[in-house]
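Subject: Structure handover

Hello,

Here is the structure I promised to pass on. Please open it first, then read the notes below it.

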Amino acid sequence: MKEAKRSIICRCEDISEEDVLKAIDEGYIDLEELRKKLRIGMGPCQGRVCIQLVMKILERKTGKKIPKVSLQTSRPPLVPVSLGTLAGDKDEK
Amino acid sequence: MKSKADVVIIGGGVNGCSLAYGLTKKGLDVVVVEKKYLSSGATGACGAGIRQQWSTVENAKLAIESVKIFEKLSKELGEDIEFRQGGYLIAVHDENEMKQAEKNVNMQRSLGLKVDILKPDEINDVVSILDVKGMYAVGATFCPTDGHANPFKTTFAYANAARRYGAEINTYTKVVGLKTKNKEINAVATDKGVINTGVVVNAAGIDSKEIAGMVNVDLPLSPFRKEIMATERLKPLFEAMVISFKDGIYFSQQQEGQIVGGIPIPEERSGYKTMPTISFMQHMARTLTRYAPVLKHVNMLRHWTGFYDVTPDARPILGEVKELKGFIQCNGFSGHGFMLSPMVSKLLVDLIANHKTPDVLINLNLDRFKGKKIDREMYVVG
């Protein structure tokens, strides 16, 4: 393992650049497929840190411009919110 | 893209991909067309559960046989699909529900399934974080061999295996028409070209209705938007999927540690809109923390929507359409396409490759809706 050279792309799920490149080589050339394969963007940051980087890598590898590369679907609440907060203080009617 | 194939499968969800795998393994030349990416529809949005506890014999049989296949699937496909058997715990809330549950358990046991009826004080032995009083449970049924798997990885593993056997899988390819000749399927027209074929499988999820409409076949499918959420990852807390037909809630903890679950919002009606709602988040959070108060400090990370393609009896439409030779349905799963996919594919592969039509395919054919009394599946959640 070349740990020293491992560039982390997704901090939440501990996914490196090599992991992304390997998955693209295996045929996962769609952002959502990559996401579902590697869990990129599924952690607490919900893709804020990693998705731009993954899109750049996808662009470089596939030769397609960003608008042609699919965008991640937006999934609320966007920032983590506790279930207790969402449930509110009042009892359900 | 190929211009000719033995079979064209419309839809790159778990059913389309598992069928492509099964058919290519039999030596058939298969092309899959998917309008977006693999698992982009109901498969990728689903709750990942695999359940054998049903109220109708057909669904129970399909599910029991599917579990037998799931148990060996990672090995068969050469990729880990994260199949885990933590059981399904179905909460029972009153006497009437208990009567229905007992009837179903007897039917399930007659098919050889191991299912237990739990007393309230036995529920925490299975899932320790549940508040039995808060969920108003008078009991539960529990099948230890139910479980869940990763729907994305299952679909990708099927697709990869199918490609190794020679299937051509075309994503971002939209079907624009179906061609027929003398009441037989003749070709599929896509936005990337025409594929001549004698067999078309309609596994397009909620879009199956539109596809069938191209050849004037009316499928009784209604789209129902469903919402589902995931929390942050937690240490392992429980293994079973917990569901309640009365409250509509279901939730489980996945292999990576996140809790995934859903619940219908009361005002929801049939339709094609996909926007996630705040009322779902509130309703889910309230019900989930009522079932498991300890989860109130856990963060919800995201929620998303998917569609159930619901039939009048909540059971799938499978097999060849009587009036159009070569037009095969694989849709109408009503929220259970992932869990039933292994056996459904096996049956349809047998139909297409070996021309076999077992009773279950006759009972689930489209023509069951023509004037006959239908046996409705009661056990639908979410």
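Helix axes here are lines fitted to C-alpha atoms over the stretch in contact, and the angles between N-to-C directions run from 0 to 180 degrees. You will need that for the helix pairs. Please also keep in mind that this is a predicted model.

**Chain B: domains and a helix pair**

Start with chain B. It is divided into domain 1 (7-45 + 152-221 + 313-369) and domain 2 (85-146 + 223-306). The C-alpha centres of these two domains of chain B lie 30 Å apart.

Next, look at helix α1 (residues 14-25) and helix α6 (residues 151-164) of chain B. Their axes come within 8 Å and cross at roughly 30 degrees. Angles under 35 degrees count as roughly parallel, so α1(B) is roughly parallel to α6(B). The crossing of the two is left-handed. On the α1(B) side, the contact is made by B:Val14, B:Cys17, B:Ser18, B:Ala20, B:Tyr21 and B:Thr24. On the α6(B) side, the residues include B:Pro151, B:Tyr158 and B:Ala162. By class, this contact of α1(B) with α6(B) has nine nonpolar, four polar and no charged residues.

**The six-stranded sheet**

Chain B has an open sheet of six strands with mixed pairing. The order is β8-β2-β1-β12-β19-β18. Which strands stand at the edges? They are β8 (168-170) and β18 (317-320) of chain B. Each has a single partner strand, so one side of each is left without a neighbour in the sheet. From one strand to the next, the twist averages 15 degrees.

At the β8 end, strand β2 (residues 30-33) of chain B pairs with β8(B) in the parallel sense over three bridges. B:Val33 has B:Asn170 in β8(B) as its bridge partner.

**The sheet that takes in both chains**

Now the other open sheet.

B:Tyr88 is bridged to B:Met241 in β14(B).

How many bridges join β3(A) to β17(B)? Two, and the strands run antiparallel. Strand β17(B) covers residues 299-310. A:Ser82 has B:Asn299 as its bridge partner there.

**Where the chains meet**

The contact between the chains takes 20 residues from chain A and 27 residues from chain B. On the side of chain A that touches chain B, α2 (31-38), β3 (81-82) and α4 (83-87) each supply at least two residues. That side of chain A divides into eight nonpolar, four polar and eight charged residues.

**Chain A: another helix pair**

Helix α1 (residues 17-25) of chain A packs with α2(A) at an angle of about 120 degrees, with the axes 11 Å apart. The two helices are therefore oblique to each other. Their crossing is right-handed. A:Asp19, A:Val20 and A:Ala23 of α1(A) make the contact with A:Leu34, A:Lys37 and A:Leu38 of α2(A). By class, that contact of α1(A) with α2(A) has four nonpolar, no polar and two charged residues.

**Backbone details**

A few local points remain.

- A cis peptide bond joins A:Pro76 and A:Pro77, with omega about 10 degrees. A:Pro77 is in the loop between α3 (51-62) and β3 of chain A.
- B:Asn182 has a phi near 50 degrees, a positive value in a residue other than glycine. B:Asn182 lies in the loop between β9 (175-181) and β10 of chain B.
- Strands β10 (residues 184-190) and β11 (residues 193-196) of chain B pair in the antiparallel sense over four bridges. A hairpin joins β10(B) to β11(B) through two residues. B:Thr190 stands opposite B:Gly193 in β11(B).

Best wishes

Note on methods:
Residues are numbered from 1 along each chain as its sequence is written. Chains are lettered from A and ligands numbered from 1 in the order in which they are written. This is a predicted model: local features need pLDDT of at least 70, side-chain atom pairs count only at pLDDT 80 or more; totals for chains, interfaces and linings use all residues. Two residues are in contact if their C-beta atoms, placed from the backbone, lie within 7 Å. Ala, Val, Leu, Ile, Met, Phe, Trp, Tyr, Cys and Pro count as nonpolar, Asp, Glu, Lys and Arg as charged, and the others, Gly among them, as polar. Two strands pair if DSSP finds at least two bridges between them. Domain bounds come from an automatic or database domain assignment. Angles under 35 degrees count as roughly parallel, over 145 as roughly antiparallel, 65 to 115 as roughly perpendicular and the rest as oblique. A crossing is left-handed if the near helix is turned anticlockwise from the far one by less than a right angle, and right-handed if clockwise.
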